[in-house]
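Here are a few notes to read alongside the model.

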Amino acid sequence: MIPNNLRIEDAALKPIADKVFSGERLTFEDGLALFRSNDLLAIGCLAHHIREKLHSNRTYFNVNRHINPTNVCVASCRLCAFGRKADAAGAYTMSLEEAFQVAGEGWTEAITEFHIVGGLHPDLPFDYYVELIRGLKERFPTVHLKAFTAVEIAYFSQRTHLNYRQILKRLKEAGLGSLPGGGAEIFAPATRRKICDHKIGAYAWLKVHRTAHELGLHSNATMLYGHIESDEDRVDHLLQLRKLQDETRGFQAFIPLKFHPAHTELGKDVDYRDTTGFMDLKNVAVARLLLDNFPHIKAYWIMLTPRVAQVALRFGADDLDGTVVEEKIYHDAGATTPQVMTRQQLVRLIREAGQEPCERDTLYRPVTRTETAVAVQA
Ligand code: V47
């Protein structure tokens, strides 16, 4: 039953609201109707209802640090401003010792996660990545290592001729904790070809995540929006993720990623515009409504800006991601957000949205802190 105080202006949303309040799964057509509606407040209320049912007024965040060991990449994705050819200006590759040092520089007692992703380097051997994980785990045993997108895993597999399972098993044995959600972009083949034709397709991306889940590794999923994708592409993408999640239950969070056009080939196209606040909030809310089997929807403040991410907490999101420290992928693409946010700043954003901050580790276990100690509750 739709509550009396919910104001729905767009008649096309009424049957969807009925389904949301009776716990019925939304269809492809419902997804299209949501993306095509301008009744943002009604969509937001529906998404907020689901978010409150799942998490009450808790909003999650973590204290993490990003490490990008190399920006050298064989792919030339039109959406990307981060990757460089090995001989290009600005190309870098950290030695293992440098990567350990960078991790150590950013490390404090508070950090519970390293988020590690990089380019597809044509010469680094797979052992580099295994030793990177092993070495970080030895030096920082309490820190969860969320590392390597499905695209990187598939590239390691292509270069070593080991299958996804063998690659993931070796990384897991070395200390890999979970996979981040990057590289998903948009699954629809025609659009995918235009924005990142060097990347693995949807089938391979989903297969890497399925294999990770079978091995007991959790992962996240993303979708890049605000470029040339259609409403149909977005709904298709979300429903493919929902289908895999029905099978494995291995995804933890979905993160809608807003496209940043600066310094990208795609951004050079005529009439290229940045996304709008309306579009950002709608993507968060529709994701919350369609992905009924995903526990968490993340409003990644780095790309949304802290202001929009905070408002997204009332449009279906229940997580702000973390402190991050030195983000490169979006900042190379022109993001003007800060590269680091303190724990106190995150807590303030959440409290001022009327919600209860809940510090989590990567696996969403609550983290409790005293002046001198950090504990993760099992
Ligand atoms: O896969 C690349 C995107 C992703 C651009 O799992 C761009 O917790 C916008 O996946 N404009 C990497 N986006 C980031 C990512 C991520 C971030 C935060 C948390 C998690 C998680 C994962 O960034 C890439 C690609 O989709 N990207 N270039 C660009 N110009």
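**Notes on the chain**

1. Let's start with burial: 58% of the chain's 378 residues count as buried, where buried means under 20% relative accessible area, exposed means over 50%, and partly exposed is in between (1.4 Å probe, protein chains only). Keep in mind that this is a predicted model, in which local features need pLDDT of at least 70, side-chain atom pairs count only at pLDDT 80 or more, and totals for chains, interfaces and linings use all residues. Residues are numbered from 1 along each chain as its sequence is written, and side-chain values use heavy atoms, leaving out hydrogens and water.

2. Now the overall size. The C-alpha trace spans about 60 × 50 × 40 Å along its principal axes.

3. What is the chain built from? You'll find 15 helices and 12 strands; these are DSSP runs numbered from the N terminus, with helices being H or I of at least four residues and strands E of at least two.

4. Next, who touches whom. Take the contacts between residues at least 6 apart in sequence: 74% of them join residues at least 24 apart. Contact here means heavy atoms within 4.5 Å.

5. The chain is split into domain 1 (11-50) and domain 2 (58-376), with bounds that come from an automatic or database domain assignment. Their centres, taken over C-alpha atoms, are 27 Å apart. Across the divide, 20 residues of domain 1 are in contact with 25 residues of domain 2.

6. Glu29 sits in helix α2 (residues 28-36), and it is exposed, with a relative accessible area of 54%. Glu29 and Asp318 are 289 residues apart in sequence and 25 Å apart in space, C-alpha to C-alpha.

7. And the other one: is Glu109 buried or exposed? Glu109 counts as exposed because its relative accessibility is 54%. Look for Glu109 in the loop between α4 (96-106) and β3 (113-116). Thr142 is 33 residues from Glu109 along the chain, and their C-alpha atoms are separated by 9.3 Å.
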